[in-house]
Amino acid sequence: MHLTYFNDSWTEGNTPLFGAMDHSVWLGSSVFDGARSLGGRMPDLRLHLQRVIVSAERVGLACPYTVDEMERLVREGVAKFPADAELYIRPLVFGTDGLLIPVAEKSGFALTLFDAPMPPFTGFSACLSTLKRPDASMAPTDAKASSLYANTTKALREAKERGFDNAVVCDSQGRVAEFASANLFFVTPAGQVVTPVPNGTFLSGITRARVIGLLAKEGVVVEERAVLPADLETAVEIFNTGNYGKVSPCVRYESRTLPVGPVATLARDLYMAFAAA
(Lines give C-alpha, C1' and ligand atoms only; values in the text may rest on other atoms or scores of the structure.)
Protein backbone atom coordinates (compact mmCIF):
# COMPACT_ATOMS: atom_id res chain seq x y z
CA MET A 1 0.00 0.00 0.00
CA HIS A 2 1.21 3.49 -0.92
CA LEU A 3 -0.23 6.74 0.44
CA THR A 4 0.94 10.14 -0.75
CA TYR A 5 0.11 13.58 0.61
CA PHE A 6 0.27 16.10 -2.24
CA ASN A 7 -1.64 19.33 -2.91
CA ASP A 8 -3.48 19.16 0.43
CA SER A 9 -4.88 15.65 0.09
CA TRP A 10 -3.99 11.98 0.53
CA THR A 11 -4.19 9.61 -2.43
CA GLU A 12 -3.42 5.93 -2.78
CA GLY A 13 -1.09 4.42 -5.35
CA ASN A 14 1.60 5.99 -7.51
CA THR A 15 0.39 9.60 -7.33
CA PRO A 16 1.37 11.79 -10.33
CA LEU A 17 3.45 14.79 -9.18
CA PHE A 18 5.28 16.34 -12.11
CA GLY A 19 4.78 18.14 -15.38
CA ALA A 20 7.03 17.68 -18.38
CA MET A 21 8.54 21.13 -17.88
CA ASP A 22 9.13 20.84 -14.12
CA HIS A 23 12.70 21.67 -13.20
CA SER A 24 13.09 18.47 -11.20
CA VAL A 25 12.15 16.29 -14.17
CA TRP A 26 14.68 17.56 -16.68
CA LEU A 27 17.38 19.04 -14.42
CA GLY A 28 17.21 16.80 -11.35
CA SER A 29 16.40 19.38 -8.68
CA SER A 30 14.91 17.20 -5.97
CA VAL A 31 15.86 15.98 -2.52
CA PHE A 32 14.27 13.45 -0.23
CA ASP A 33 14.74 11.70 3.08
CA GLY A 34 13.79 8.39 4.56
CA ALA A 35 12.44 7.55 8.00
CA ARG A 36 10.68 4.53 9.46
CA SER A 37 7.49 3.72 11.30
CA LEU A 38 7.76 0.37 13.09
CA GLY A 39 4.46 -0.47 14.70
CA GLY A 40 3.78 3.24 15.14
CA ARG A 41 7.23 4.00 16.60
CA MET A 42 9.15 6.52 14.50
CA PRO A 43 12.77 6.66 15.67
CA ASP A 44 14.60 9.92 14.93
CA LEU A 45 11.70 11.13 12.77
CA ARG A 46 12.32 14.81 13.44
CA LEU A 47 16.01 14.50 12.54
CA HIS A 48 15.05 13.06 9.16
CA LEU A 49 12.50 15.82 8.58
CA GLN A 50 15.00 18.50 9.53
CA ARG A 51 17.53 16.99 7.13
CA VAL A 52 15.17 17.21 4.16
CA ILE A 53 14.78 20.94 4.87
CA VAL A 54 18.56 21.39 4.96
CA SER A 55 19.05 19.25 1.85
CA ALA A 56 16.53 21.38 -0.03
CA GLU A 57 18.37 24.57 0.87
CA ARG A 58 21.68 23.14 -0.29
CA VAL A 59 20.39 22.50 -3.81
CA GLY A 60 18.57 25.83 -4.12
CA LEU A 61 15.09 24.70 -3.07
CA ALA A 62 12.89 25.64 -0.11
CA CYS A 63 10.80 23.05 1.72
CA PRO A 64 7.26 24.49 1.99
CA TYR A 65 6.66 22.80 5.37
CA THR A 66 8.25 23.08 8.80
CA VAL A 67 9.38 20.07 10.82
CA ASP A 68 6.27 20.37 13.02
CA GLU A 69 3.96 20.51 9.99
CA MET A 70 5.62 17.51 8.36
CA GLU A 71 5.51 15.54 11.59
CA ARG A 72 1.77 16.14 11.88
CA LEU A 73 1.29 14.91 8.32
CA VAL A 74 3.43 11.83 8.94
CA ARG A 75 1.45 10.87 12.04
CA GLU A 76 -1.81 11.48 10.19
CA GLY A 77 -0.66 9.20 7.38
CA VAL A 78 0.71 6.46 9.63
CA ALA A 79 -2.66 6.31 11.39
CA LYS A 80 -4.23 5.23 8.08
CA PHE A 81 -2.22 1.96 8.14
CA PRO A 82 -2.62 -1.06 10.43
CA ALA A 83 -1.14 -0.47 13.89
CA ASP A 84 1.63 -3.05 13.39
CA ALA A 85 2.67 -1.85 9.92
CA GLU A 86 6.35 -1.45 9.07
CA LEU A 87 6.52 1.61 6.85
CA TYR A 88 8.98 3.70 4.90
CA ILE A 89 8.42 7.46 5.27
CA ARG A 90 9.67 9.56 2.36
CA PRO A 91 9.32 13.35 2.23
CA LEU A 92 10.26 14.79 -1.16
CA VAL A 93 11.01 18.40 -2.15
CA PHE A 94 11.30 19.16 -5.85
CA GLY A 95 11.81 22.07 -8.21
CA THR A 96 8.88 23.06 -10.40
CA ASP A 97 10.04 26.27 -12.09
CA GLY A 98 13.22 27.85 -13.40
CA LEU A 99 15.41 27.58 -16.49
CA LEU A 100 18.75 26.40 -15.13
CA ILE A 101 18.44 27.56 -11.52
CA PRO A 102 15.30 26.39 -9.72
CA VAL A 103 12.95 29.01 -8.29
CA ALA A 104 13.19 28.17 -4.60
CA GLU A 105 9.85 29.63 -3.55
CA LYS A 106 8.05 27.47 -6.10
CA SER A 107 9.37 24.19 -4.69
CA GLY A 108 6.87 21.34 -4.56
CA PHE A 109 6.40 18.85 -1.74
CA ALA A 110 5.06 15.33 -1.44
CA LEU A 111 5.07 12.89 1.45
CA THR A 112 4.80 9.20 0.63
CA LEU A 113 4.31 6.35 3.11
CA PHE A 114 4.45 2.76 1.96
CA ASP A 115 4.67 -0.77 3.31
CA ALA A 116 8.32 -1.84 3.65
CA PRO A 117 8.80 -4.80 6.02
CA MET A 118 12.12 -4.82 7.83
CA PRO A 119 14.53 -7.19 6.06
CA PRO A 120 15.61 -10.31 7.96
CA PHE A 121 18.91 -10.12 9.82
CA THR A 122 20.49 -12.72 7.55
CA GLY A 123 22.93 -10.54 5.65
CA PHE A 124 23.94 -9.49 2.18
CA SER A 125 26.92 -9.84 -0.15
CA ALA A 126 29.09 -7.03 -1.47
CA CYS A 127 32.03 -6.36 -3.74
CA LEU A 128 34.38 -3.44 -4.33
CA SER A 129 32.99 -1.10 -6.96
CA THR A 130 35.00 0.39 -9.80
CA LEU A 131 33.00 3.60 -9.36
CA LYS A 132 33.96 6.49 -7.08
CA ARG A 133 31.88 8.89 -5.01
CA PRO A 134 32.13 12.53 -6.16
CA ASP A 135 33.92 15.02 -3.93
CA ALA A 136 32.15 18.01 -2.40
CA SER A 137 33.75 20.18 -5.10
CA MET A 138 32.03 18.10 -7.78
CA ALA A 139 28.44 17.57 -6.62
CA PRO A 140 25.94 18.44 -3.84
CA THR A 141 27.28 15.71 -1.56
CA ASP A 142 26.10 17.58 1.54
CA ALA A 143 22.46 16.97 0.56
CA LYS A 144 20.35 13.85 0.13
CA ALA A 145 19.93 14.85 -3.48
CA SER A 146 18.15 12.56 -5.93
CA SER A 147 20.72 13.40 -8.60
CA LEU A 148 23.45 11.63 -6.60
CA TYR A 149 21.61 8.33 -6.87
CA ALA A 150 22.59 7.82 -10.50
CA ASN A 151 26.03 7.03 -9.06
CA THR A 152 24.46 4.67 -6.50
CA THR A 153 22.34 2.78 -8.98
CA LYS A 154 25.25 2.39 -11.42
CA ALA A 155 27.36 0.87 -8.62
CA LEU A 156 24.50 -1.44 -7.67
CA ARG A 157 23.96 -2.53 -11.27
CA GLU A 158 27.65 -3.35 -11.56
CA ALA A 159 27.51 -5.37 -8.33
CA LYS A 160 24.40 -7.28 -9.45
CA GLU A 161 26.12 -8.19 -12.71
CA ARG A 162 28.95 -9.69 -10.68
CA GLY A 163 26.54 -11.68 -8.50
CA PHE A 164 26.55 -9.46 -5.40
CA ASP A 165 23.80 -7.57 -3.58
CA ASN A 166 25.66 -4.34 -2.88
CA ALA A 167 28.93 -2.54 -3.48
CA VAL A 168 31.62 -0.79 -1.46
CA VAL A 169 32.30 2.58 -3.07
CA CYS A 170 35.48 4.60 -2.56
CA ASP A 171 36.13 8.33 -2.83
CA SER A 172 38.27 9.89 -5.55
CA GLN A 173 41.42 9.25 -3.47
CA GLY A 174 40.74 5.52 -3.23
CA ARG A 175 39.58 5.55 0.39
CA VAL A 176 36.45 3.60 1.36
CA ALA A 177 33.43 5.91 1.62
CA GLU A 178 30.41 3.65 2.20
CA PHE A 179 28.27 0.94 0.71
CA ALA A 180 26.36 2.06 -2.36
CA SER A 181 23.16 2.39 -0.31
CA ALA A 182 24.23 2.61 3.36
CA ASN A 183 27.04 3.56 5.71
CA LEU A 184 29.77 1.01 6.40
CA PHE A 185 31.28 -0.42 9.59
CA PHE A 186 33.79 -3.21 10.15
CA VAL A 187 35.68 -4.96 12.93
CA THR A 188 39.45 -5.43 12.72
CA PRO A 189 41.23 -8.66 13.73
CA ALA A 190 42.24 -6.83 16.94
CA GLY A 191 38.56 -6.16 17.74
CA GLN A 192 38.46 -2.45 16.93
CA VAL A 193 35.16 -1.24 15.46
CA VAL A 194 35.80 1.19 12.60
CA THR A 195 33.75 3.34 10.24
CA PRO A 196 35.03 5.71 7.52
CA VAL A 197 35.41 9.26 8.79
CA PRO A 198 33.06 11.69 7.00
CA ASN A 199 35.09 13.58 4.42
CA GLY A 200 32.45 15.29 2.29
CA THR A 201 31.93 12.46 -0.17
CA PHE A 202 29.03 10.73 1.62
CA LEU A 203 26.27 11.58 4.05
CA SER A 204 27.06 10.73 7.64
CA GLY A 205 23.75 9.05 8.30
CA ILE A 206 21.29 9.60 11.13
CA THR A 207 21.14 5.86 11.83
CA ARG A 208 24.96 5.74 11.68
CA ALA A 209 25.22 8.38 14.40
CA ARG A 210 22.56 6.68 16.50
CA VAL A 211 24.35 3.32 16.33
CA ILE A 212 27.70 4.89 17.25
CA GLY A 213 26.06 6.50 20.28
CA LEU A 214 24.26 3.33 21.37
CA LEU A 215 27.44 1.27 21.11
CA ALA A 216 29.37 3.88 23.09
CA LYS A 217 26.89 3.56 25.97
CA GLU A 218 27.74 -0.16 26.05
CA GLY A 219 31.46 0.57 26.16
CA VAL A 220 32.07 -0.19 22.47
CA VAL A 221 34.08 2.66 20.94
CA VAL A 222 33.76 3.19 17.19
CA GLU A 223 36.85 4.67 15.58
CA GLU A 224 36.20 7.08 12.70
CA ARG A 225 39.21 7.12 10.41
CA ALA A 226 40.38 6.85 6.83
CA VAL A 227 39.75 3.33 5.55
CA LEU A 228 41.44 1.60 2.62
CA PRO A 229 39.99 -1.33 0.65
CA ALA A 230 42.77 -3.52 2.09
CA ASP A 231 41.27 -3.01 5.55
CA LEU A 232 38.14 -4.86 4.46
CA GLU A 233 40.18 -7.81 3.22
CA THR A 234 41.12 -8.70 6.81
CA ALA A 235 37.94 -7.55 8.59
CA VAL A 236 36.33 -10.15 10.84
CA GLU A 237 32.93 -8.45 10.58
CA ILE A 238 31.44 -6.00 8.10
CA PHE A 239 28.00 -4.45 8.47
CA ASN A 240 26.00 -1.43 7.42
CA THR A 241 23.65 1.11 8.92
CA GLY A 242 20.86 2.84 7.06
CA ASN A 243 17.20 3.67 7.19
CA TYR A 244 15.87 0.67 5.29
CA GLY A 245 17.36 -2.17 7.35
CA LYS A 246 18.83 -0.11 10.21
CA VAL A 247 21.68 -2.60 10.83
CA SER A 248 22.48 -5.38 8.37
CA PRO A 249 25.48 -7.75 8.29
CA CYS A 250 27.61 -8.34 5.21
CA VAL A 251 28.07 -12.12 5.07
CA ARG A 252 30.14 -12.28 1.87
CA TYR A 253 32.68 -9.71 0.77
CA GLU A 254 34.29 -10.48 -2.57
CA SER A 255 35.39 -14.13 -2.18
CA ARG A 256 35.31 -14.18 1.63
CA THR A 257 32.47 -15.56 3.74
CA LEU A 258 31.87 -13.60 6.93
CA PRO A 259 29.80 -14.36 10.04
CA VAL A 260 26.84 -12.47 11.38
CA GLY A 261 29.13 -11.25 14.11
CA PRO A 262 28.66 -10.17 17.72
CA VAL A 263 29.20 -6.45 17.11
CA ALA A 264 26.64 -6.26 14.31
CA THR A 265 24.23 -8.30 16.40
CA LEU A 266 24.72 -6.01 19.40
CA ALA A 267 24.29 -2.91 17.23
CA ARG A 268 21.07 -4.31 15.78
CA ASP A 269 19.69 -5.31 19.18
CA LEU A 270 20.54 -1.92 20.69
CA TYR A 271 18.94 -0.07 17.81
CA MET A 272 15.74 -2.09 17.84
CA ALA A 273 15.45 -1.63 21.61
CA PHE A 274 15.91 2.12 21.11
CA ALA A 275 13.28 2.14 18.35
CA ALA A 276 10.79 0.30 20.55
CA ALA A 277 11.29 2.56 23.58
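The model is predicted, and totals for linings use all residues, whereas local features need pLDDT of at least 70 and side-chain atom pairs count only at pLDDT 80 or more. Residues are numbered from 1 along each chain as its sequence is written, and side-chain values use heavy atoms, with hydrogens and water left out.

**Exercise 1.** State how much space lies in the largest pocket and describe its lining.

Solution. A pocket is an open set of points on a 1 Å grid over the protein atoms alone, where a 1.4 Å probe fits, with protein on both sides within 12 Å along at least five of seven lines; lining residues have an atom within 4 Å of a point.

Step 1. The largest pocket holds about 1000 Å³, a volume being the space filled by probe spheres set on the points, which are joined across faces, edges and corners.

Step 2. Its lining has 48 residues, and Ala180, Ser181, Ala182, Gly242 and Asn243 are the closest to the centre.

Step 3. Among the elements that each supply at least two lining residues are helix H2 (45-58) and strand E14 (246-253); H4 gives the most, with 6 residues. Helices (H or I, at least four residues) and strands (E, at least two) are DSSP runs, numbered from the N terminus.

**Exercise 2.** Which element gives the most to the lining of the second largest pocket?

Solution. 

Step 1. About 240 Å³ lies in this second largest pocket. Of its 13 lining residues, Asn14, Leu17, Arg90, Leu92 and Thr112 lie nearest the centre.

Step 2. Strands E1 (2-6), E5 (86-94) and E6 (108-115) give two or more residues each.

Step 3. E6 gives the most, with 3 residues.
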